[in-house]
Amino acid sequence: METIWDNICTALELSPETSDRWLCKLRTQYAQIHRHYHTKDGLIRRKVPHLTGASICLQLAALFQYYHFEADKDCVARNCEAVEEFFADAQLDNKTLLGNVKRLLGDLQTDAGDLSEHDIHFFQDLDLLVLGTPREEYKEYTQQLRSECPAEDVGSYDKMRLKLLQTLSRIPCIYLTKEFSDRYESIARNNIEQEINDLQSN
């Protein structure tokens with residue numbers, strides 16, 4: 001996370017005070033006790049190698065995508081508000097960049113500006129990166145994800161998860177960019193098939 005944040009701060013010419021304040025906020029958010037997968041080590045760590053050469057827009061969106069996270073709630077609006085708060089605090093007058101970040105975060109009311117189709121697909125693929133990890137790492141991810149679900153909702157979670165995986169298994173391409181597809185598609189399909197089998201056998 002720190003490497004990506006340093007890139008962002010350098011590119012946006014943030015003051016040391018603003019940089020340190022928001023890095024502390026990011027660390028605090030991703031260290032919340034109810035998180036098991038959506039953490040700095042569980043989520044962000046995997047994305048960092050793919051973000052190093054990415055645009056500032058993609059880097060910002062990746063760090064704020066799960067700034068607020070609750071397994072049973074849609075936090076898109078709150079995460080967009082967090083980005084707006086960051087831009088205001090940092091006194092960044094770049095409406096195009098702000099709009100592009102919010103669009104990547106899921107605010108469909110915001111104009112896409114100069115956001116390219118490749119950036120949109122790359123961001124989607126990045127979020128699905130974990131599906132293409134080695135079998136044991138993937139199994140740990142599914143356990144962490146399930147642990148984030150409120151105990152009383154585990155049965156509903158399993159049904160929704162099964163439905164999601166079955167949908168993913170039917171689409172022609174899980175990953176939309178060549179770089180992700182070539183490297184992760186077959187592994188992701190094997191992991192999804194195994195998890196479907198596990199859920200159906202429970």
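**Close-up views of a predicted model**

**View 1. Helices α8 and α9 where they meet.** In this predicted model, the axes of helix α8 (residues 135-147) and helix α9 (residues 154-170) come within 11 Å and cross at roughly 135°. Here axes are lines fitted to C-alpha atoms, for helices over the stretch in contact, and angles run from 0 to 180 degrees between N-to-C directions. Helices (H or I, at least four residues) are DSSP runs, numbered from the N terminus. The pair α8 and α9 is therefore oblique, given that angles under 35 degrees count as roughly parallel, over 145 as roughly antiparallel, 65 to 115 as roughly perpendicular and the rest as oblique. Y138, Y141, T142, L145 and R146 of α8 make the contact with V154, Y157, D158, R161 and L165 of α9, where contact means heavy atoms within 4.5 Å. Sorted by class, this contact has six nonpolar, one polar and three charged residues (Ala, Val, Leu, Ile, Met, Phe, Trp, Tyr, Cys and Pro count as nonpolar, Asp, Glu, Lys and Arg as charged, and the others, Gly among them, as polar).

**View 2. The largest pocket and its lining.** The largest pocket holds about 1,200 Å³ of space, and of the 37 residues that line this pocket, H38, Y66, F69, D127 and L164 lie nearest its centre. Grid points are joined across faces, edges and corners, and a volume is the space filled by probe spheres set on the points. Helix α9 gives the most to this lining, with seven residues, and by class the lining has 23 nonpolar, six polar and eight charged residues.

**View 3. The second largest pocket.** About 320 Å³ of space lies in this pocket, which is lined by 16 residues, with K139, T142, Q143, E195 and D198 nearest its centre. Helix α8 gives the most to the lining, with seven residues.

**View 4. Domain 1 and domain 2.** The domain assignment, automatic or from a database, gives domain 1 (1-115) and domain 2 (126-201), and 16 residues of domain 1 are in contact with 17 residues of domain 2.

Residues are numbered from 1 along each chain as its sequence is written. Local features need pLDDT of at least 70, side-chain atom pairs count only at pLDDT 80 or more, totals for chains, interfaces and linings use all residues, and side-chain values use heavy atoms, with hydrogens and water left out.

Methods:
Helix = DSSP H or I, 4+ residues; strand = E, 2+ residues; numbered from the N terminus. 1 Å grid on protein atoms, 1.4 Å probe; cavity = no way out; pocket = protein on both sides within 12 Å on 5 of 7 lines; lining within 4 Å.
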